[in-house]
Amino acid sequence: TNDTIIEPDEVINLQLSNPQPTGLFTLGGQTAAVLTIHDNDAPTFRFGAAAYSVVEGSPASVTVMRANGLGSQVTVGYQIQAGSTAAGSGVDHTLVNGTVTFGVGITTQTIPIPTIQDTIFEGPKTIILQLVNPSHGGVTIAPETTTVTITDNDAPGVIQFSAATYSRVENSGPASPAIVRITRTGTNLAGGVTVQFSTSNGTATAGSDYTNSSSVLTFAALEAFKDVSIPTLDDEAPDGNETIELNLSNPSPGATLGAI
């Protein structure tokens, strides 16, 4: 008889006895046998999807599905796998390894994942979950892993020059260079960002009027500005005012360049 209860193999003992009519039949040497009933109700577990996505600060909900063996209570564990880039313990989320329990007739359970809102621009982080340690033998788990992506909602701010123009007297020399300030503004300065700074000739000539400069500027967490020195070179030529072009480019992912 088919049922939905998960149970070990069961046996029926079979016995032959008392052949009739008496004297016409005899029993052979094999008068006993065992019939084994093999259970066909081993459950199957799987995640509801191969991937989930949630914006940081919002709760995620991962579905675990059970098929077969609906007449019994079963459990399956879940654990965070190596390779996950999201940090637990309240940094990016508060999920810990645990177990989901399926009562009789229950086919779906969920794993709640609270995520943490912060002010750090860090890009997406991932939690890789694996189903493990089912309560019954013969279980199939496929797929056994899923990935939860926590999407960052923080912008790293706007990077630009503090002014549209700067000026310096040429005879100030290398010991007193022109100072150019690059600012980082916005509501979130908690994460680090980078930007490429470079100079190029306007009407001034590198090597004779100023010292050319090119560097990657790194803004650390909470750093709102960077000052860059541009040495001007003195000469005796009456060549009038001259200009140097200042350039910002290649901000790190997520950062934007301002209008200045």
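Analyst: A contact here means that heavy atoms lie within 4.5 Å. Leaving aside residues up to four places away in sequence, Gly-71 touches Thr-4, Ile-5 and Val-104. This glycine is found in the loop between strand S5 (60-67) and strand S6 (74-80), where strands are DSSP runs of E with at least two residues, and helices are runs of H or I with at least four residues, numbered from the N terminus. Residues are numbered from 1 along each chain as its sequence is written. The model is a predicted one, in which local features need pLDDT of at least 70 and side-chain atom pairs count only at pLDDT 80 or more, while totals for chains, interfaces and linings use all residues, and side-chain values use heavy atoms, with hydrogens and water left out.

Gly-71 counts as partly exposed because its relative accessibility is 23%; buried means under 20% relative accessible area, exposed over 50%, and partly exposed in between, with a 1.4 Å probe and protein chains only. The C-alpha atom of Gly-71 is separated by 62 Å from that of Arg-184, which lies 113 residues apart from it along the chain.

The loop between S5 and S6 also holds Asn-68, which has a positive phi of about 75° although it is not a glycine. Most residues other than glycine have a negative phi, and most peptide bonds are trans. With a relative accessibility of 36%, Asn-68 counts as partly exposed. Asn-68 is also one of the residues touched by Ala-42, along with Ala-67, Gly-137 and Gly-138, again not counting residues up to four places away in sequence.

Ala-42 has its place in the loop between strand S2 (32-37) and strand S3 (44-47), and its relative accessible area of 26% makes it partly exposed. The C-alpha atoms of Ala-42 and Glu-7 are 8.5 Å apart, although 35 residues separate the two along the chain.

Ser-89, in the loop between S6 and strand S7 (98-102), has a phi near 60°, a positive value in a residue other than glycine, and with a relative accessible area of 79% Ser-89 is exposed. The peptide bond from Gln-20 to Pro-21 is cis, with omega near -10°, and Pro-21 lies in the loop between strand S1 (10-15) and S2. A cis peptide bond also runs from Ala-142 to Pro-143, with omega near -5°, and Pro-143 lies in the loop between strand S10 (140-141) and strand S11 (145-151).

Along its principal axes the C-alpha trace spans about 140 × 30 × 25 Å. Of the 260 residues, 28% count as buried.

The mean pLDDT of the chain is 90, and 95% of its residues reach 70 or more, pLDDT being the predictor's confidence in each residue, from 0 to 100.
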